[in-house]
Amino acid sequence: MSESLKVSFYGDFTFGENYQAKYDFQEKVSILRQKGYDFLFDNVKHILYGSDYNIVNLETQITNAKNSSLEGKKAVLHWNDPGIAPKMLKKYKIQAVSLGNNHGFDFEDKGLRQSIEALKSEDIEYFGAGVDEGEAAKPLVKQFKIGERTLNLYVFGGYKYREDYDRDFEFYAKDKKSGINLLLPEKACGHIRKIKENDPDSYVVIFVHFGFDLQKTVPMQKEMARGFVDSGADIVIGHGPHMINQIDFYKSKPLIYSLGNFIFPADFRSKCSPYNLISTLEFRESKKEPEVRLYPVYMENNSKTPKTRLIKEDEIHIVQNLLCEEDTSIKEHLEYSNDAFGIYFRLKIK
């Protein structure tokens with residue numbers, strides 16, 4: 001029985017069929033047609049295979065639905081092929097996905113239910129959305145044995161509040177309506193406190209879709225992240241802006257405001273930094289708190305055929321500056337090193 005456990009979290013992920021179909025039609029350029037789906041994983045699959053458990057933010061629906069009432073209202077609707085996507089997720093050891101984001105309900109109830117069935121067909125767990133508010137709010141719950149230790153891991157997924165997504169798109173799950181989990185500190189605090197009361201040694205992760213596209217950290221993210229910690233969360237790992245946001249600490253808990261993109265074959269036209277993160281929590285039998293590692297990755301942001309790779313040695317200072325953009329003292333809490341996965345920063349708790 002292993003004495004350590006690696007749980008890895010990945011940011012915004014899609015196979016991008018909706019983008020690639022458009023590029024192929026307009027310019028006869030498609031990474032999926034020309035290179036295949038496996039090509040997207042070539043430079044990062046060793047991290048997926050080397051981790052014990054992998055969780056991604058699946059920023060799409062897995063559906064062949066053709067119609068949505070949101071067409072014309074919402075700028076972009078995401079879809080992945082249900083005949084391909086779940087098998088590829090399974091192949092690359094992605095064991096759980098958060099559906100709690102701003103594309104998880106693009107093709108509405110039909111698309112969500114088809115996504116859930118597609119994931120279940122490959123035994124991939126999901127959270128952050130559901131057929132009603134109760135299911136959508138449930139965290140991912142996993143129990144692991146690490147030597148003689150039992151670790152109960154809880155991961156909450158969901159999306160911040162946006163009035164247009166509520167009023168115009170009807171995105172959020174309700175009592176008798178499917179949709180995305182509205183994840184706010186005041187909604188999650190009761191769940192988290194109950195978990196901590198019943199299971200004091202549990203570890204609670206908030207895996208939240210917040211911030212704004214192609215923007216740096218905003219005060220709303222900071223307020224929400226601190227609210228989650230005040231409610232009992234052990235770490236906040238954010239995604240959504242499609243780029244790295246800064247990191248911080250609050251009450252000695254890490255706040256990772258945005259991992260950025262993981263695999264996302266779309267042309268961002270150089271509107272954001274190409275640097276992103278993978279976050280790995282390494283739990284050990286003898287320590288209650290995990291070691292938090294951040295593996296920087298690079299994804300071309302001005303290409304219709306982007307591919308994710310680990311960063312190179314001469315890029316480490318660029319990522320370090322992005323992580324410490326608003327508070328240079330954070331540098332003291334970033335220990336740079338290498339392991340079998342690649343270059344990483346270890347977070348030394350502040």
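Which backbone oxygen does the side chain of Ser258 reach at 2.7 Å? That of Met243, and the pair is a polar contact (N or O atoms within 3.5 Å; within protein, one must be able to donate a hydrogen and the other to accept it, and residues adjacent in sequence count only if both atoms are side-chain atoms).

## Before we start

This is a predicted model, where local features need pLDDT of at least 70 and side-chain atom pairs count only at pLDDT 80 or more, while totals for chains, interfaces and linings use all residues. Residues are numbered from 1 along each chain as its sequence is written, and side-chain values use heavy atoms, with hydrogens and water left out.

## Around Ser258

You'll find Ser258 in the loop between strand S14 (253–256) and strand S15 (261–263); strands here are DSSP runs (E, at least two residues), numbered from the N terminus. Ser258 counts as buried because its relative accessibility is 0%, and buried means under 20% relative accessible area (1.4 Å probe, protein chains only).

Leaving out residues up to four places away in sequence, Ser258 touches Gly238, His239, Gly240, Pro241, Met243, Ile244, Asn245 and Leu277. A contact like these means heavy atoms within 4.5 Å.

## Around Thr63

Thr63 sits in a loop too, between strand S3 (61–62) and strand S4 (79–80). With 1% relative accessibility, Thr63 counts as buried. Its side chain reaches the backbone nitrogen of Ala65 at 2.9 Å. Not counting residues up to four places away in sequence, Thr63 also touches Trp79, Asn80, Pro82, Phe107, Gly111 and Gln114.

## The nonpolar cores

In soluble globular proteins, nonpolar side chains tend to be buried together. A nonpolar core is a set of buried Ala, Val, Leu, Ile, Met, Phe, Trp, Tyr and Cys residues joined through side-chain atoms within 4.5 Å. The largest one here has 68 residues, and Phe13 and Phe41 touch the most other members. Apart from it lies another core, of 40 residues, including Tyr53, Ile311, Leu323 and Leu334.

Back to Phe13: setting aside neighbours within four places in sequence, its contacts include Phe41, Val56, Leu89 and Phe262.

## A cavity

Searching the whole structure turns up 1 cavity of 30 Å³ or more. On a 1 Å grid over the protein atoms alone, a cavity is a set of points where a 1.4 Å probe fits but cannot get out. The largest cavity has a volume of about 60 Å³, counted as the space filled by probe spheres set on the points.

Its lining (residues with an atom within 4 Å of a point) is made up of Lys216, Thr217, Ile244, Asn245, Gln246, Leu322, Glu325 and Glu326.

Conventions. Buried means under 20% relative accessible area, exposed over 50%, partly exposed in between (1.4 Å probe, protein chains only). Helices (H or I, at least four residues) and strands (E, at least two) are DSSP runs, numbered from the N terminus. On a 1 Å grid over the protein atoms alone, a cavity is a set of points where a 1.4 Å probe fits but cannot get out, and a pocket is an open set with protein on both sides within 12 Å along at least five of seven lines; lining residues have an atom within 4 Å of a point.
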